[in-house]
Amino acid sequence: MAQAELNPASYDPVEYTHEDIAEVPSANWGWSGESNKAARIAAIVIAAFLLFMIHGNHTGLVEDLWLIGFAVALVAIVVRDVIVRRRPR
């Protein structure tokens, strides 16, 4: 008798199809996703801007290393995101 109660196939899974407006305010106007392409483009533009900032009025190399480091980190995040999203799950 306990076997029938614990059988996972004895019930149907519940499908969640309702978006709560309080949790997703943009559901009112029909969009509740992320713009991955825009975020990637913004990260590349910011990385390029950081590299353009190397040409400035500073004389030390420490600032250059920080700018290059942050630009490389942004590009690495974008590359990782592209690779992870291309893999089938």
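Helix α2 (residues 36-52) packs against helix α3 (residues 62-86) at an angle of about 160°, the two axes lying 8 Å apart, where axes are lines fitted to C-alpha atoms over the stretch in contact and angles run from 0 to 180 degrees between N-to-C directions. The arrangement of α2 and α3 is therefore roughly antiparallel, a term applied to angles over 145 degrees. Helices are DSSP runs (H or I, at least four residues), numbered from the N terminus. The structure is a predicted model, in which local features need pLDDT of at least 70 and side-chain atom pairs count only at pLDDT 80 or more, while totals for chains, interfaces and linings use all residues. Residues are numbered from 1 along each chain as its sequence is written, and side-chain values use heavy atoms, with hydrogens and water left out.

A search of the whole structure for salt bridges (a side-chain nitrogen of Lys or Arg within 4 Å of a carboxyl oxygen of Asp or Glu) returns 2. In one of them, the side chains of Asp-81 and Arg-40 meet at 3.0 Å, N to O; because Asp-81 belongs to helix α3 and Arg-40 to helix α2, this pair ties together parts that are 41 residues apart in sequence. Arg-85 and Asp-81 also form a salt bridge through their side chains, at 2.9 Å, N to O, and both lie in helix α3, 4 residues apart, about one turn of the helix.

Notes. Helix = DSSP H or I, 4+ residues; strand = E, 2+ residues; numbered from the N terminus. Parallel < 35°, antiparallel > 145°, perpendicular 65-115°, else oblique.
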